[in-house]
Amino acid sequence: MKRHALSTRLWHWVNAGALVVLFMSGLTISNAHRRLYWGNYGFDPADAWLHVMRFPGWITLPARYNLAAARDWHNTAALVFAFGLLAIWLAMVANGHFRRDLATSARDWTFGAWRAALAQKGTAGMPYNPLQKLAYGALFALVLPLMVATGLAMSPGFEPFAPWLVDVLGGRQSARSIHFITTWALVGFVVGHVALTLVSGPVRLIGAMVHGGRREETGA
């Protein structure tokens, strides 16, 4: 039995590409207005809760400031990201991956389980330890859906379809702030994910995400 289903592997690599485009184009969009607010309105620097740095061209898309092009890149990648998230959720529910590997139980929330997880990367037949299940569960159930929800709430064109969404998130400027925070939380997850992969046998783990691996393998 494969450790990673074909649907998981396809989503992993397509989503990785979409996230790179979203992140780099998002930095260009951030450069257009580098202040963040809470509520529905924001323009006065005195009302901003955060003044964001100006990101250099080498990490933005496009490299030279072009807000219209950045929005085109961002919106295109966002469609791939959002429909990909929907597809992987349907696949994980259908093939039992979320219930079997990522859903946590009361035992996973104990200090003893976390201490054991830090001492070893997993056991045969259980690819994800409690800390990994918590991280991946939060990613799929909270962080990624919140990225989509806040992105939609910032779009005036979407508001007629779900006017309640902006209110739920506390206003369009609140949605923008939450989108920014969630983005950097996701960046932190990706950095940790890559670091753990590099120290836990990158050839084996990356290979498993390409060809599927074997069910009894464990890792990051």
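User: What should I know before I start?

Analyst: Because the model is predicted, local features need pLDDT of at least 70 and side-chain atom pairs count only at pLDDT 80 or more, while totals for chains, interfaces and linings use all residues. Residues are numbered from 1 along each chain as its sequence is written, and side-chain values use heavy atoms, with hydrogens and water left out.

User: At what angle do helix 5 and helix 7 pack?

Analyst: Two packed helices are described by the angle between their axes and the distance between the axes. Here helices are DSSP runs (H or I, at least four residues), as are strands (E, at least two), numbered from the N terminus. Axes are lines fitted to C-alpha atoms, for helices over the stretch in contact, with angles from 0 to 180 degrees between N-to-C directions. Helix 5 (residues 130-153) and helix 7 (residues 172-199) pack at about 145°, their axes 9 Å apart.

User: Does helix 7 have the length I should expect, or what does its span show?

Analyst: The expected span of a helix is 1.5 Å times one less than its number of residues. With 28 residues, helix 7 should span 40 Å, and its end C-alpha atoms are 41 Å apart, which agrees.

User: Which residues of helix 7 are buried?

Analyst: Buried means under 20% relative accessible area, exposed over 50%, and partly exposed in between (1.4 Å probe, protein chains only). Among the buried residues of helix 7 are Gln173, Ala175, His179 and Thr197. Their cover includes helix 1, strand 1 (35-36), helix 2, helix 5 and helix 8 (202-211). After helix 7 comes Gly201, with a positive phi near 100°.

User: What about helix 8?

Analyst: Its buried residues are Leu205, Gly207, Ala208 and Met209, and they pack against helix 1 and helix 7. Gly212 follows helix 8, with a positive phi near 110°.

User: Which residues touch the most other members of the largest nonpolar core?

Analyst: In soluble globular proteins, nonpolar side chains tend to be buried together. A nonpolar core is a set of buried Ala, Val, Leu, Ile, Met, Phe, Trp, Tyr and Cys residues joined through side-chain atoms within 4.5 Å. The largest one has 19 residues, and Phe81, Leu102, Phe140 and Leu144 touch the most other members. Helix 5 gives this core its largest share, six residues.

Conventions: Contact = heavy atoms within 4.5 Å.
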